[in-house]
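Here is my note on the model you sent.

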Amino acid sequence: MVAEKILIHNPTGLHTRPAKNLVGEAKKFESDITVIFKGKRANLKSLIKVLKLGISQNNFIELLCDGPDEQEALAHLKNFILAMEG
Amino acid sequence: MGFKDYIISESAVICNMEAQTWEEAVLQGGQLLVDKGKAKPEYLTNIVKKCKENGPYIVIAPGIAMPHARPEEGAMGLGYGIVTLKNPVLFGDPDNDPIKLLIYLVAPDAKDHNEVAVSQIADLCDNEDTIQLLLKAESASEIIQILKGEDR
């Protein structure tokens, strides 16, 4: 398992459209991918679970990837989050 | 006021609305927000325009869409609305089509929008039993009773 803390920098946070795109990216990987925010965990492959967390700009989240492609998944999703706009 | 309390106290519900297309559904159902002074009419046309430009970003789960735009796109107050469709419509989202339940959201503040409103709606959508009951309801008052009866 690999994990990393990431700052959400885009102005609308993990709001519907960016969150939906991120969930789509997470689904490309075989590994289990979990996001942790304020002590709550959510499956990053479920948009509803992610939206329940209410993640905004300037929040830190932790991404956990566990599975055969965990390294690639973490690197890809981190870059995707850092490149998010809107 | 929270999402469910608002829906219950304002009776912000339309049951079995008839619409031929997703645009028609979004615009017609969204009158719930406009009639109560929570959104300008352009809030609804902005949602349609953004769906056409960016894809159906408002579709959040199988059968469920959450029509909303940004605060600066015509929001006037915090408001919500629940609309069920008599006949489902297609949004062009193969993972989640057809859509039969619309949960509207308008908020004048981005932080409230994201941290409070969206997460409360997502909570409801995560309860499959309640969603199934809402989809089967045959009147607005039945929908309100279902929300009143749901454990928080």
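1. The structure holds 3 aromatic pairs over all chains. Rings of Phe, Tyr and Trp (its six-membered ring) pair if their centres lie within 6.5 Å; planes under 30 degrees apart are stacked, over 60 edge-to-face, and the rest tilted. The ring centres of B:Tyr6 and B:Tyr80 are 5.6 Å apart with planes at 65°, so this pair is edge-to-face. The pair links distant parts of the chain, 74 residues apart: B:Tyr6 is in helix H1 (residues 3-10) of chain B and B:Tyr80 in strand E4 (residues 79-89) of chain B. Helices (H or I, at least four residues) and strands (E, at least two) are DSSP runs, numbered from the N terminus.

2. B:Tyr6 is buried, at 4% relative accessible area. B:Tyr80 is buried too, at 1%. Buried means under 20%, exposed over 50%, partly exposed in between (1.4 Å probe, protein chains only). Together with B:Phe3, B:Tyr6 and B:Tyr80 form one aromatic cluster.

3. Chain B gives 20 residues to the contact and chain A gives 17 residues; contact means heavy atoms within 4.5 Å.

4. Across the interface of chain B and chain A there are 4 salt bridges, each a side-chain nitrogen of Lys or Arg within 4 Å of a carboxyl oxygen of Asp or Glu. A:Lys52 bridges to B:Asp126, with the closest N and O atoms 2.8 Å apart.

5. This is a predicted model: local features need pLDDT of at least 70, side-chain atom pairs pLDDT 80 or more, while totals for chains, interfaces and linings use all residues. Residues are numbered from 1 along each chain as its sequence is written, chains are lettered from A and ligands numbered from 1 in the order written, and side-chain values use heavy atoms, without hydrogens and water.
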